[in-house]
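Visitor: I have a structure open that I've never looked at before, and I'd like someone to walk me through it. Could we go through it piece by piece?

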Amino acid sequence: MMRTDGYLLDNRQTEAAEHFSAFAALFDPTTFRHLEALGVGSGWRCWEVGAGGTSVVSWLAKKVGRTGRVVATATDISRLAPAARPPVEVRVHDFGAEEPPGEGFDLVHARLALVHVADRTRALRSMVQALRPGGRILVEDADPALQPLLCPDEYGPEQQLANRLRQGFRRLLADRGTELPCGRVLPRLLREAGATRVHADAYFPVASPACAALESVTIRQIRDQLVTAGLATDQDIDRHLANVRSGALDLTTAPMISAWGRKQ
């Protein structure tokens, strides 16, 4: 479970905006490719679960058009306000604890949302149940254990420092009782939730400018915790941030696994 009271990256508003921007740059093309393949089109009724930003919501709104509907839900909807106009409806909703905001959806989509849910099995079952017969579901989450390094090509001291700080980040999460997301289990969980025709793939960016942007904002947010825990010094962090800005590091993220299926 990722406890929201211990979530390291949920503290400062401006940095949260940087996170959402980096996530959109990294993952929107993959998400949109999958949604296109699922056939999202005019008149579809869609539920965007745990929406953090507006990029996917706005893309869906254009696809479904005036005759469609997009219900975007999150526990904090402050960043969804710009998208809150027809066909988009924005609702405060905790999908890990509450019933779905409707039923008969043609599509249910969640990206990097299950990390905040204690009972992921229940949440996925609820999402599948909210679909109409034949409706599609797409769930996307990271899997840090599949690739734990920030610099897979660890050929010098700069890369070694980067990987040491990434290990420190994971140590902070573990000390808070955080269960890291595990994208590899999504196909099985979808089948257990009642989905059929389940498939999955993974996206693994390397050397993207968005990876550098994401790393920079992440380190700035957890800087104090790293130093307090003795996992890094201020000098380490300043040097690493300078290395990131230089563009000389080939940075990556945890692979994002996308799993999709249908309701019978």
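Guide: What follows is a conversation about the inside of this structure, its helices and a few individual residues.

Guide: Please keep in mind from the start that this is a predicted model.

Visitor: Okay, so how many residues are in the largest nonpolar core, and which have the most contacts inside it?

Guide: The largest nonpolar core has 25 residues, and those with the most contacts inside it are F95, M127 and I137. At least two residues each are supplied to this core by strand 1 (45-49), strand 4 (105-111), helix 3 (120-129), strand 5 (131-142), helix 5 (186-192) and strand 6 (195-203). Helix 3 gives the largest share, 4 residues. As a general point, nonpolar side chains in soluble globular proteins tend to be buried together.

Visitor: And what does M127 touch?

Guide: If residues up to four places away in sequence are not counted, M127 touches W47, V49, F95, V108, A110, I137 and V139. There is also a second, separate core of 22 residues, and V40, V56, V64 and A72 are included in it.

Visitor: Back to helix 3 for a second, which of its residues are buried?

Guide: The buried residues of helix 3 are R120, A123, L124, S126, M127 and V128. What covers them includes strand 1, strand 4, strand 5, helix 5, strand 6 and strand 7 (256-263).

Visitor: What about helix 2, which residues are buried there?

Guide: In helix 2, which spans residues 55-64, the buried residues are V56, V57, W59, L60, A61 and V64. Of these, V56 and V64 are included in the second core. Just after helix 2 comes G65, which takes a positive phi of about 70°.

Visitor: Switching topic, how many disulfides does the structure hold?

Guide: The structure holds 0 disulfides.

Visitor: How do helix 6 and helix 7 sit, at what angle do their axes cross?

Guide: The axes of helix 6 (residues 209-228) and helix 7 (residues 234-246) come within 10 Å and cross at roughly 175°. Angles over 145 degrees count as roughly antiparallel, and helix 6 and helix 7 are therefore roughly antiparallel to each other.

Visitor: Which residues meet there?

Guide: From helix 6, the residues A212, E215, S216, I219, R220, R223, L226 and V227 meet D234, I237, D238, H240, L241 and V244 of helix 7. Sorted by class, this contact of helix 6 with helix 7 has 7 nonpolar, 2 polar and 5 charged residues.

Visitor: Which residues have a positive phi although they are not glycine?

Guide: Among them are R197, with a positive phi of about 50°, and A207, with a positive phi of about 65°. R197 is found in strand 6 and, at 58% relative accessibility, counts as exposed. A207 instead lies in the loop between strand 6 and helix 6, and its 44% relative accessibility makes A207 count as partly exposed.

Visitor: Last one, where does P87 lie?

Guide: P87 lies in the loop between strand 2 (69-74) and strand 3 (88-92), and the peptide bond leading from P86 to P87 is cis, with omega near 10°. A84 also lies in the loop between strand 2 and strand 3, and A84 is partly exposed, with a relative accessible area of 45%. Along the chain A84 and R66 are 18 residues apart, and their C-alpha atoms are separated by 14 Å.

Definitions and conventions
Residues numbered from 1 in each chain as written. Predicted model: local features only at pLDDT ≥ 70, side-chain atom pairs only at ≥ 80, totals over all residues. Heavy atoms only, no water. Core = buried A, V, L, I, M, F, W, Y, C linked by side-chain atoms within 4.5 Å. Buried < 20%, exposed > 50% of the residue type's maximum accessible area, 1.4 Å probe, protein only. Contact = heavy atoms within 4.5 Å. Disulfide = S-S within 2.5 Å. Axes fitted to C-alpha atoms, helices over the stretch in contact; angles between N-to-C directions. Parallel < 35°, antiparallel > 145°, perpendicular 65-115°, else oblique. Nonpolar A, V, L, I, M, F, W, Y, C, P; charged D, E, K, R; others polar.
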